[in-house]
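Thanks for coming. I will go through one structure today, piece by piece, and keep to what can be read from the coordinates.

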Amino acid sequence: MKPDVRNELDELLHEAFSNRQSRRTLMQRTLAVGGAAGLAYVFPRAIVAQEAGESSPGVHVPAPEGVELAEEQHIRLSMSEPDSMDPGVSSGYDELGIFFNIFDGLTGIDMITGEVVPRCAESWDINEDGTEFTFHLRDNLKWSNGESITAADFEYSWKRVLDPETLSLYRPAMHPIKNGLAIDAEENPMDFNELGVHAVDELTLHVMMEEPTPFFPLLASTWTYCPVPKSAVEEHGDAWVEAENIVSNGPFKMVEWSHDQRIVLEQNEHFYGDTPTITRAEYTIFPDDSTQEYTSYENDELDFVWPESGDLERIAGDETAMAEIHTFEQSNCRMVTCDAKTEPTSNADFRRALYAAIDRDVVADVILKGTATAALNVVPADIPGNNPDATNPVGEEAALAALAASGYDPSTIELEYSYRTSGNLKLVAEYLEQRWPEVLGIKVKLNPIDASTYSDYNMSRKDQPFNTKYGTWGSDFADPSNWHNQNFVSWSDHYYLSWKNEEYDALAKEAVSETDPERRAELYRQAEVILVEDAAYIPVYRGVGTVAIKPWVVDFHMQPILAYVHLRLPKIAAH
């Protein structure tokens, strides 16, 4: 899209939102200016602007007063085949949409307000300096098989994450707990049973932190902190997560997992809390949800989907379809990650050349058709301590200057880019395959990896060289430590880049335990400058979440952080 057309469309957006113009009028004017491509650019931004002014961030579809409910409270959803159904192992993909409905941690996130609320713990105490927490469990907690849950189940589950035999993909989540980092050390690791968590009695869990960690109740709301049943794990091994064996503690239980076909959840009759209105959730598993989801939605086979850019032009021209669309700004960053130990990406100037050569507006507005926004810094705007000024120079001139500083002859370089074959990632990969040679004169080879094995590939990079690969992070909780300390510091190295900057590590280490919020945010802002300047992590874009929800799904609420369908509140209206 030409800059002058984009500018005119932005003016239309501003005018429409200022004057509360109808969506229909805006669509008509947009078609006249930019055609179908213009619609794809405008409509997600229009809905984001409108809904941001009407409610809290995310998606909120209240139930109309006096709404009549359907007799059958079933909801139909979609997902890809889970990487792992074990919350102590998963690094977080589509299975999170199951976890948050069949498991419950000590704390959780209210889907309406976005605030931390009690779940399995009815309350907690914190000592004066924020280094010790005492959680008081409810006295009516049960597993889905009817057996009681105690504080010992949480102690076992958290220590299990750091047990080398568990092969957890999200061990850094436990680093803030006393001895967590020492247990996870590569050399001379401490025994995982030394993790600073202890069941005082059946209803009391005492947690000691490595440093002051006032945000710990927020961290404890994430899936890695959910309890898992020791008896089922020991009896069935890795197969404990299969539908015939799984035991959980959330408002729902999994009753079917037909691999690569579907997953079915039903109410957990032993759940301690309020019984949800939804009685059954059916998840259709698609091998490529980006091309099949919305078609199934149009055929009334699904009640909720995430349309992809290929669907948007068709939706934008249909007023009825538009009325079912909800869009929100996501708390994430899609990145190119670089091997910092292997040439040429071990050279920071070369990495900066890759950073500078990417035209992020083209990626967001043309390649992804308005379903993304350009990202020059890593940490999103909704996370405290983010730094929008932490950027590098961009453009062809800056790219060539950085390339010259690297000392490499571009004609000698063939760069490999590996990516996960799901959604629109192929389109972005193909753009990079064209753009980097065009600007830098290097050769680029694409290495597509099936979504089902991408986690294994990513883990294997710890010991095997590569050049560049797709990386993504979405906020698990609203704190900068979730980005810097769990991903980018050298002792976490979540993406196995072998990147280390001592000044960055020192800033992130100091920041995580700083109790003054302003000082803490400033330390993280300084750290992000170094993170982006070194360019081992190259931010490219952030998702603009676009979802389609059938009009009979009401009382539906989704937060922008960990934007998955939570089934505690939704209802199905008569239709």
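**A sheet, and what lies on it**

Strands β6 (residues 132-137) and β8 (residues 204-208) run antiparallel and are joined by 5 bridges. Before going on, the ground rules: this is a predicted model, where local features need pLDDT of at least 70 and side-chain atom pairs count only at pLDDT 80 or more, while totals for chains, interfaces and linings use all residues. Residues are numbered from 1 along each chain as its sequence is written, and side-chain values use heavy atoms, with hydrogens and water left out.

Helices (H or I, at least four residues) and strands (E, at least two) are DSSP runs, numbered from the N terminus. Two strands pair if DSSP finds at least two bridges between them.

For angles, axes are lines fitted to C-alpha atoms, for helices over the stretch in contact, and the values run from 0 to 180 degrees between N-to-C directions. Contact means heavy atoms within 4.5 Å.

**A hairpin**

Next, β9 (residues 252-258) and β10 (residues 262-267), which pair in the antiparallel sense over 6 bridges. K253 stands opposite E266 in β10. The two strands form a hairpin with 3 residues between them, and D260 in the turn has a positive phi of about 65°.

**Helices**

How do α13 and α14 pack? Helix α13 (residues 396-406) meets helix α14 (residues 425-440) at an angle of about 70°, with the axes 9 Å apart. That makes α13 roughly perpendicular to α14, a label for angles of 65 to 115 degrees; under 35 counts as roughly parallel, over 145 as roughly antiparallel and the rest as oblique. On the α13 side the contact is made by E396, A399, L400 and L403, and on the α14 side by R435, V439 and L440. By class, this contact has 5 nonpolar, no polar and 2 charged residues. Here Ala, Val, Leu, Ile, Met, Phe, Trp, Tyr, Cys and Pro count as nonpolar, Asp, Glu, Lys and Arg as charged, and the others, Gly among them, as polar.

Is helix α16 buried or exposed? In α16 (residues 481-488), 8 of the 8 residues are buried, so the helix is largely enclosed by the rest of the structure. Buried means under 20% relative accessible area, exposed over 50%, partly exposed in between (1.4 Å probe, protein chains only). The buried residues of α16 pack against α6 (216-219), β14 (332-338), β18 (468-474), α17 (502-512), α18 (517-534) and β19 (537-549).

**Rings**

The structure holds 26 aromatic pairs. Rings of Phe, Tyr and Trp (its six-membered ring) pair if their centres lie within 6.5 Å; planes under 30 degrees apart count as stacked, over 60 as edge-to-face and the rest as tilted. The rings of Y294 and Y297 have centres 5.5 Å apart and planes at 25°, so that pair is stacked. Both residues lie in helix α8 (residues 289-298), 3 residues apart, about one turn of the helix, and both are buried. Elsewhere, ring pairs link W124, F133, F135, W158, F216 and Y225 into a cluster.

**Loops and backbone**

S91, in the loop between β2 (74-79) and α3 (96-102), is buried, with a relative accessible area of 15%. Leaving aside neighbours within four places in sequence, S91 is in contact with L169, Y170, W223, S455 and H494.

Most residues other than glycine have a negative phi, and most peptide bonds are trans. L167 has a positive phi near 60° and is exposed, with a relative accessible area of 58%. N188, in the loop between α5 and β7, has a positive phi near 50°. A cis peptide bond joins E343 and P344, with omega about 0°.

**The whole chain**

To finish, the totals. The protein chain has 18 helices and 22 strands, and 57% of its 575 residues count as buried.
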